[in-house]
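Q: Could you take me through one part of this model at close range? I would like to look at the place where the two chains meet.

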Protein chains: 2
Amino acid sequence: MTLTIHPLTEIPEVSPGDDLADLLLASLAASDLELGDGDIVVITHKIVSKAEGAVVSLDGDDEDTAYRRIVLEQSVEVLRRRGDLVIARTSHGFICANAGVDRSNAAPGTAVLLPQDPDRSAHGIRMALEAATGVSIAVVISDTFGRPFRRGVVDIAIGLAGLEPLLDLKGTTDASGRMLAATEIALVDEIAAAADLVMGKADAVPAALVRGLTMTPGEGRATDLVRPASEDLFR
Amino acid sequence: MTLTIHPLTEIPEVSPGDDLADLLLASLAASDLELGDGDIVVITHKIVSKAEGAVVSLDGDDEDTAYRRIVLEQSVEVLRRRGDLVIARTSHGFICANAGVDRSNAAPGTAVLLPQDPDRSAHGIRMALEAATGVSIAVVISDTFGRPFRRGVVDIAIGLAGLEPLLDLKGTTDASGRMLAATEIALVDEIAAAADLVMGKADAVPAALVRGLTMTPGEGRATDLVRPASEDLFR
């Protein structure tokens with residue numbers, strides 16, 4: 001089945017208290033799109049954080065010093081450090097640059113934090129979109145992460161509602177009949193990466209509609225994607 | 001612009017010497033698809049390796065022992081080891097499980113290696129497809145990699161032709177006018193991940209057509225995505 005990914009444009013700058021479901025529905029309508037069963041709405045966390053007021057001011061001392069202090073406040077554990085770059089574990093368990101605190105696409109003098117509970121944020125947006133439309137959908141909240149070993153950043157899922165994040169192929173057979181070993185595909189990370197292809201960092205397209213994916217509905221959490229430290233060969 | 005991703009189905013089991021461009025064109029025709037300028041054809045490396053004969057027999061001693069021996073032969077450096085799992089650097093520079101040697105979707109008693117030079121493989125397929133159709137396209141060869149910190153595997157690019165793997169946003173500004181710091185998006189890894197959403201591991205869909213992406217044509221190499229050890233905080 002063919003997959004389509006529509007950018008959701010014309011979403012205005014988001015302020016604390018804004019209703020993201022309303023903004024998404026207006027954007028869909030502006031593009032003559034209507035939500036259907038099985039659709040997946042991918043939203044960059046930046047507008048979720050802004051709507052939830054997860055934005056901090058960098059005043060007081062100079063902005064760079066304030067930024068570094070906030071990064072450490074948001075870090076449960078610092079794994080690596082080089083110059084101004086900190087790779088840290090957040091309260092959610094995510095391991096990422098600068099504990100997810102970001103000054104790009106933030107108002108001058110401010111930094112945007114990760115949502116406090118991105119799975120709960122995704123759940124709330126999903127409930128509001130489903131109540132408004134009567135269809136059954138999934139919501140994914142994405143962020144941009146670097147990776148060991150490979151250059152460049154990719155979008156991954158930090159929050160989700162309405163689907164299972166991992167597709168477990170254990171017990172299924174490959175095309176030649178061989179039983180597949182424990183292979184779990186990080187489906188929701190691939191969805192976030194796919195959505196980023198129509199978003200772009202500089203273009204202010206903060207959401208996308210992914211349509212046509214045969215997904216397993218479920219009530220998984222993005223934190224299911226965090227590899228336990230005991231299983232991780234690189235901590 | 002809307003992105004569409006079509007699975008390329010009805011590709012038969014591939015044998016050494018098969019012409020992948022021919023098989024891809026037949027698959028496209030069977031789906032009433034015609035290649036157009038700017039299209040990206042994503043191909044799982046498994047069929048590239050098979051066409052190139054990068055398949056080894058596991059006979060001699062028992063199959064598991066033979067497999068472990070071949071994994072070590074394909075490893076330039078072993079970074080981590082746990083039980084039967086080896087995380088190794090390959091001759092290409094990729095860091096992955098079992099040096100990319102794979103027994104799934106391989107004939108019984110065999111294992112499939114990575115192509116010797118996946119960028120060259122992509123280039124050859126691109127040239128053949130362009131010669132047959134007269135349009136200008138890109139080709140990406142994908143493989144399935146695990147990741148530190150996160151559960152589940154995702155598809156990434158191990159070979160490419162006709163596009164730049166990294167989209168460099170340095171010097172551009174965000175929606176609020178702030179200059180973006182050195183942000184390189186691993187565009188081609190996101191393309192590989194997106195294509196995997198229509199492939200599936202068990203369904204024998206070894207290729208996909210990605211259409212509608214505004215990409216930067218170029219002559220980059222997938223090995224450009226390998227982070228130099230000196231810049232890598234996790235080696």
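How many residues of chain A are in contact with how many residues of chain B?

A: Happy to take a look with you. This is a predicted model, in which local features need pLDDT of at least 70, side-chain atom pairs count only at pLDDT 80 or more, and totals for chains, interfaces and linings use all residues. Residues are numbered from 1 along each chain as its sequence is written, while chains are lettered from A and ligands numbered from 1 in the order in which they are written.

Now to the meeting place: 52 residues of chain A are in contact with 53 residues of chain B (contact means that the C-beta atoms of two residues, placed from the backbone, lie within 7 Å). On the chain A side, strand S1 (3–8), strand S4 (77–82), strand S11 (184–185) and helix H5 (187–199) each supply at least two residues; helices (H or I, at least four residues) and strands (E, at least two) are DSSP runs, numbered from the N terminus. H5(A) gives the largest share of that side, eight residues. By type, the side of chain A that touches chain B has 28 nonpolar, 10 polar and 14 charged residues. Here Ala, Val, Leu, Ile, Met, Phe, Trp, Tyr, Cys and Pro count as nonpolar, Asp, Glu, Lys and Arg as charged, and the others, Gly among them, as polar.

The strands take part as well. S1(A) and strand S1 (residues 3–8) of chain B pair in the antiparallel sense over three bridges, where pairing requires that DSSP finds at least two bridges between the strands. Within this pair, A:Ile5 has B:Leu3 as its bridge partner.

How do the copies relate? The same surface serves both of them, as 100% of the contact residues of chain A recur in chain B.
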